[in-house]
Amino acid sequence: MANKARLRKTIGLTIAMGVVFTSGVYAKDTLEKVEAYLRPDFKVEVNGKAVKDATPLIYEGSSYLPFKTIGELLGAVVSWDESAKKIKLAMPVVPQAQPEPETPLPSTGGSGGTGTKGNNAPIVPPVVKVEEEITLDTPIAYEFTYEDVAYPTLVNLYKGDTYLRWKDIDKIPLDMGNPKLSKEKLTGEMYVHLDLVRPYWGDEVKGDKRKYVIVEEGTVSEDKLKALNSYFGVNETGYTISPLAGENEYTVLAKGMDKWFIQYNIRFWQSYDKQWNVSSTGWKSYPKESTGTPQDPFPR
């Protein structure tokens, strides 16, 4: 009993269940101090798989985990909107199988194309509102898989809709018709609305969130990608990495918790223990909402 008593550690909690934000987020009159207990003897399991380094907190008979931890266990993206003091959780994109029509459907024309499935039934994408221009709002480094080949894809959640970077999914060897594309203002790259390509995928294309940034060109070792994740920590997130002229030098597209996008020039270097580390050699920030004529701020 004495050992169990020692496990009980009284701590101050915010109503946000342990989500860590930058200093100064809360005013003093919004804080509420409560008594809770860490229970390292409690185990956490998700879909039959044990979760390491997840110590529940017990408060008034209920168990709690940090909001960010819960989101990541569900494959979601958790972000903090500083201006609105809002925690955002974006669930992952999961392509759903489309039912086969009982009879061939006539082509409706338009920009979506028709294509065919294995039974030669025409595919008609749904009618969806497609923006002419979008902005990077909630990017996600994603990975689609078709016939055991991975296709890393930059996904962007914009005004409640899901857009996929076209140059990424265009590599998937499936006929996806001729969908209407949307231009992203900050980078100038083209995106496609998920609903315009999902009917062509059926259940053949699977997707899940990536652990690391998307490697745009060449190869980057996993050790270096791990070092890059550590470099960004919890306050920033990296999305893409491209090589520069110098050895071990790259440019990285990232986003901070303050909603600004950043182009980092970084260099990988090894310490005495052969571990890879990251240093910034320069950076430039861009607001989340760009204005005026969009230019490509990420020259290759």
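Thr-240 is tucked away in this predicted model: with a relative accessible area of 7%, Thr-240 falls under the 20% cut-off and so counts as buried. This threonine belongs to strand β16.

Strand β15 and strand β16 (residues 236–243) run parallel and are joined by two bridges. Both sit in an open sheet of five strands, in the order β15-β16-β17-β18-β19, and the pairing there is mixed. The edges are taken by β15 (214–215) and β19 (276–286), each of which pairs on one side only. Helix α5 (residues 222–232) packs on this sheet and touches β15, β16, β17 (249–256), β18 (261–270) and β19. The direction of α5 makes about 55 degrees with that of β19.

Two aromatic residues are worth a stop here. How far apart are the ring centres of Phe-268 and Trp-276? The centres lie 6.5 Å apart and the planes meet at 85 degrees; that angle is over 60, so the pair is edge-to-face. A search of the whole structure turns up eight aromatic pairs. Elsewhere, ring pairs tie Tyr-142, Phe-144 and Trp-201 into a cluster.

Now for the other sheet. Seven strands make up an open sheet with the order β8-β12-β13-β11-β10-β9-β14, again with mixed pairing. Its edges are β8 (133–134) and β14 (205–209); each has a single partner strand, so one side of each is left without a neighbour in the sheet. Further in, β12 (residues 181–184) and β13 (residues 190–193) run antiparallel and are joined by three bridges. Across this pairing, Lys-183 stands opposite Met-190 of β13. Helix α4 (residues 194–201) lies across β9 (138–146), β11 (161–165), β13 and β14, at about 65 degrees to β13.

What about the nonpolar cores? The largest one has 21 residues, and the members that touch the most others are Phe-144, Leu-164, Ile-169, Ile-172, Val-197 and Trp-201. At least two residues of this core come from each of β9, β10 (149–158), α3 (166–169) and α4. Which of the elements gives the most to this core? That is α4, with five residues. Take Ile-172 as an example: leaving out residues up to four places away in sequence, Ile-172 touches Phe-144, Tyr-146, Tyr-151 and Trp-201. Apart from this core lies another, of 16 residues, including Tyr-212, Ile-241, Ala-254 and Ile-266.

Stepping back to the whole chain, there are five helices and 19 strands. Of the 300 residues, 38% are buried. Among contacts with a separation of 6 or more, 51% are between residues 24 or more positions apart. The accessible surface comes to about 17700 Å², and carbon and sulfur atoms account for 50% of it.

How values were computed: Residues are numbered from 1 along each chain as its sequence is written. This is a predicted model: local features need pLDDT of at least 70, side-chain atom pairs count only at pLDDT 80 or more; totals for chains, interfaces and linings use all residues. Side-chain values use heavy atoms; hydrogens and water are left out. Two strands pair if DSSP finds at least two bridges between them. Helices (H or I, at least four residues) and strands (E, at least two) are DSSP runs, numbered from the N terminus. Contact means heavy atoms within 4.5 Å. Axes are lines fitted to C-alpha atoms, for helices over the stretch in contact, and angles run from 0 to 180 degrees between N-to-C directions. Buried means under 20% relative accessible area, exposed over 50%, partly exposed in between (1.4 Å probe, protein chains only). Accessible areas come from the Shrake-Rupley method with a 1.4 Å probe; for residues, only the protein chains shown count as cover. A nonpolar core is a set of buried Ala, Val, Leu, Ile, Met, Phe, Trp, Tyr and Cys residues joined through side-chain atoms within 4.5 Å. Rings of Phe, Tyr and Trp (its six-membered ring) pair if their centres lie within 6.5 Å; planes under 30 degrees apart count as stacked, over 60 as edge-to-face and the rest as tilted.
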